Amino acid sequence: MEFLPFALPEIGEEEINEVVECLRSGWITTGSRAKQFEQEFADYLGNNVQALAVNSATSGLHLALEALGVREGDEVILPSYTFTSTAEVVRYLGATPVIVDVDESTFNISVEAIKAAITPNTKAVMPVHFAGLACDMEAIIQLAREHNLFVVEDAAHAFPSTSGGSLVGALGTDATVFSFYANKTMTTAEGGMLVSKRSDVIERAKIMRLHGISRDAFDRYRSEAPSWFYEVVEPGYKYNMPDVCAAIGIHQLRKIDRFQKKRQELAVRYDSLLKSFPVVIPPKAVPGDKHAYHLYPIRIKEEAGISRDEFIQEMSKQKIGCSVHFIPLHRQPVWRDGYKLTREDFSVAERLFNSEVSIPLYTKMRETDQLRVVDAMKKVFGC
Ligand SMILES: *Cc1c(COP(=O)(O)O)cnc(C)c1O
C-alpha cells in the first residue's frame, strides 16, 4: 500500500511549460510574468484592488504592517490559533503581538476577545481565516472602525473564500495577504500576494519589497533611456517574487475555481461519510458564502476513547498522513515565555488543539483515496 499524503500540490503541463519558457527567456527574476500574475490576480478579486506578488505570505504581512506605519509601542491583536508568521511580522517591526483566544465553533478569532484586548496602543487587528473559513468580517470591520484600527487579513488559507458574498481580499480592509506555499490552495512553490484598495499601502509596499529602491530592475531594463540610475529611498527588504514562480502562479490561478470545487466536493463527501463517527466535522461557511477548504480539520470526541496523538499514530500505521493545525501560539516557547501566556487564558484554543487533526484533502485526491482514509478511520475507531 502506497503512502497517502496529507497534502499534495497539483502541477499541470501548463505550469511546467510556462516555467520552461521562462527559464529559456533569459528573464527569470521579477519581470513580465510577475506583473501579469499580479494583474490577473487583482482582476480575479475585482472591486479595484491592486496586487503585489511577494516571495511569501510572511513577507507580504510584514510589508502590509510596515506600510501602515506599525512600529515600536504599537499593539496588534491576533489569534493564538494560527501559524507563527502572523505574530512574528509584528515583532519584525518592534511592535507587540497581543494574542487572543478563538471561537469554538469556527476556530477563528473571537470578536469578543478582540474587543476585550483593545487598549489605547492598539494599532491593528489581524484576522486569520482558519482552514479557509472566513472570519465574521462584518463584525470585525465594524469594531475596527469604531476604535480606529487597521485590519490586515492573514488570508493564507482563504483563496478563494467569501465573506458576506464578497471575496476575501476584496472586502475593503487595509490589506489582505494570501500564501502560495506548496500545500496551500494554489501554489507558486513559495510565494504570496499582498492586495489592497489603498494606493498608499501598495506604493509603499512596492518600494519596500525591493530594497527601498524607487524603480524596479524590470522597469529599468525596459526603459529606453539610459537605465543604470536608481535611488534607494528607504532601508527596504528583498521580498520580490521571481518570474519562475509567477509562471506557476499564472496557471494555478486559472484553475482555482476547479480546485475550490474539488476541495468542496471532497469536504462534502467527508461530511456525509463521517456522520456516524465520533468526530466533530469542520464548520461550514454560512449559506451563500464560499469556503476555500485549505484544510479539513476534524475534532476527535472524547467518546472515541482514543486520543488525537494515538489517532495519528494509528493512521500512520495504515500509511495515511495527517497533520495538526495548529500548535497554538500560546504554547510556543517564544510567545509563551515572551508574553507570559498561560493555557488557562486560552481555554478554547486548548480544547481545539487537544482534539484537532487535519485529514488528507487535496485536489489530486481520488474518490478511492478518500474511501481509503475513511476505511482506515473506521478501523481506528472500531465503528
Ligand atoms: C502558511 C501560513 C502562513 C505563511 O505563509 P508563507 O507563504 O509560507 O509565508 C501565514 N499564516 C498562516 C495562517 C499560514 O497557514
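A backbone N or O atom of Ala-57 lies 2.8 Å from an oxygen atom of the ligand, a polar contact being a pair of N or O atoms within 3.5 Å. The structure is a predicted model, in which local features need pLDDT of at least 70 and side-chain atom pairs count only at pLDDT 80 or more, while totals for chains, interfaces and linings use all residues. Residues are numbered from 1 along each chain as its sequence is written, and side-chain values use heavy atoms, with hydrogens and water left out.

The ligand is surrounded by 15 residues, the closest being Thr-58, Asp-154, His-157, Ser-179 and Lys-184; a residue counts as near if one of its heavy atoms lies within 4 Å.

An open antiparallel sheet is formed by three strands in the order β10-β11-β12. Strands are DSSP runs of E with at least two residues, numbered from the N terminus, and two strands pair if DSSP finds at least two bridges between them. Strands β10 (279–280) and β12 (356–358) stand at the edges with a single partner strand each, so one side of each has no neighbour in the sheet. Three antiparallel bridges join β11 (residues 297–300) to β12, and Ile-298 stands opposite Val-357 in β12.

Technical notes. Helices (H or I, at least four residues) and strands (E, at least two) are DSSP runs, numbered from the N terminus. A polar contact is a pair of N or O atoms within 3.5 Å; within protein, one must be able to donate a hydrogen and the other to accept it, and residues adjacent in sequence count only if both atoms are side-chain atoms.
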